[in-house]
Amino acid sequence: MCELFGVTANRQVKINELLKLFFGHSNEHKNGWGLAFFDHNTYSIEKEPIRASDSLYLKNRLTGRIETSRCMAHIRKATVGDICFNNTHPFSKRDESGRMWVLVHNGTIFESPILNAYQFEQEGTTDSERILLYLVDKVNKHYLQELNSFDVNERIKLVESVITKLAPENKINLMIYDGDYFYVHKNEPGTLYKSERPGSVIFSTHALKPEGWEEVPQNQLLVYKDGILIYEGRKHNFTYIHDEEKMKMLYLDYANL
């Protein structure tokens, strides 16, 4: 599976050391790396479909001082989709209001017919990209139906409904940023941790240091604004339990064997 990293804060946080530790896990997650930054009302995405430790660009990038208040990072261990640029996280999509949504995902979709239609719309072939396309499609329909009225509470409810819809039988560890709010969800035990200080939270699939990290609550959506938790969703019962046989069947199905 993949690994996730994220930052939400009310100030600039230096993250060079943490990113080096995070990308140091790329020997086991060799199928791509990505970085997304959201500062000063702009966003940028940097990614390559190669092992992070093999990237000269990333090595040079990490030598310069990196400070951010909003960031996502991803290292990929492919389960569905070829190893190519269009299958490398993060994924982004602009909605009808002009809002940009960005997603990183650590998990696999085994059961979800509602995502199948998006395989004809997506640029790559991953189930992760289809999650984002489905979410933005729901956002657009709501935005148009409500005559362009779509406040943050409605956005949060919509994101929560999409996650709850997809969670049964699937691993839905993800982070989403909508230009204002940072959404976090996990449904597998021991697969996402946070380091929290006043006004800042840093997330990682694995604790990056021996102290100061705790596991992210499971089976509920958490929403942050500039490092402050503003919403804790209702807990659902769709805990994902890894099943090696299901993974093998998915590989065989994807390979048409």
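Strands β12 (222–225) and β13 (228–232) pair in the antiparallel sense over 4 bridges. Strands count as paired if DSSP finds at least two bridges between them. The bridge partner of Tyr 224 is Leu 229 in β13. Helices (H or I, at least four residues) and strands (E, at least two) are DSSP runs, numbered from the N terminus. The model is predicted: local features need pLDDT of at least 70, side-chain atom pairs count only at pLDDT 80 or more, and totals for chains, interfaces and linings use all residues. Residues are numbered from 1 along each chain as its sequence is written, and side-chain values use heavy atoms, with hydrogens and water left out.

Both strands belong to an open sheet of 6 strands, ordered β5-β6-β7-β8-β12-β13, with antiparallel pairing. β5 (91–94) and β13 stand at the edges with a single partner strand each, so one side of each has no neighbour in the sheet. Neighbouring strands of this sheet are turned by 20° against each other on average, direction ignored. Axes are lines fitted to C-alpha atoms, for helices over the stretch in contact, and angles run from 0 to 180 degrees between N-to-C directions.

The 15 residues of α4 (residues 152–166) should span 21 Å at 1.5 Å a residue, and the end C-alpha atoms are 21 Å apart, which agrees. The expected span is 1.5 Å times one less than the number of residues. Asp 151 caps the N-terminal end of α4, with a side-chain oxygen 3.1 Å from the backbone nitrogen of Asn 153. The buried residues of α4 (under 20% relative accessible area; exposed is over 50%, partly exposed in between; 1.4 Å probe, protein chains only) include Arg 155, Ile 156, Leu 158 and Val 159. The buried residues of α4 pack against α3 (127–145) as well as β6, β7, β8, β12 and β13. Contact means heavy atoms within 4.5 Å.

Thr 191 is found in the loop between β8 and β9 (193–197). Thr 191 is buried, with a relative accessible area of 9%. A polar atom of its side chain lies 2.6 Å from the backbone oxygen of Glu 188. Leaving aside residues up to four places away in sequence, Thr 191 touches Asn 106, Lys 171, Asn 173, Lys 186, Thr 205 and Glu 215.

Glu 215 and Lys 186 also form a salt bridge, the closest N and O atoms being 2.3 Å apart. Glu 215 lies in strand β11 and Lys 186 in the loop between β8 and β9, so the pair ties together parts 29 residues apart in sequence. Glu 215 is partly exposed at 34% relative accessibility, whereas Lys 186 is buried at 0%. A salt bridge is a side-chain nitrogen of Lys or Arg within 4 Å of a carboxyl oxygen of Asp or Glu. The whole structure holds 14 salt bridges.

Lys 209 pairs with Glu 17 in another salt bridge, at 3.6 Å between the closest N and O atoms. Lys 209 lies in the loop between β10 (200–204) and β11 (214–215) and Glu 17 in helix α1 (residues 16–23), so this pair ties together parts 192 residues apart in sequence. Asp 180 forms a salt bridge with Lys 225, the closest N and O atoms being 4.0 Å apart. Salt bridges that share partners join Arg 99, Arg 155, Asp 178, Asp 180 and Lys 225 into one network.

Terms used: Polar contact = N/O pair within 3.5 Å; in protein donor to acceptor, adjacent residues only side chain to side chain.
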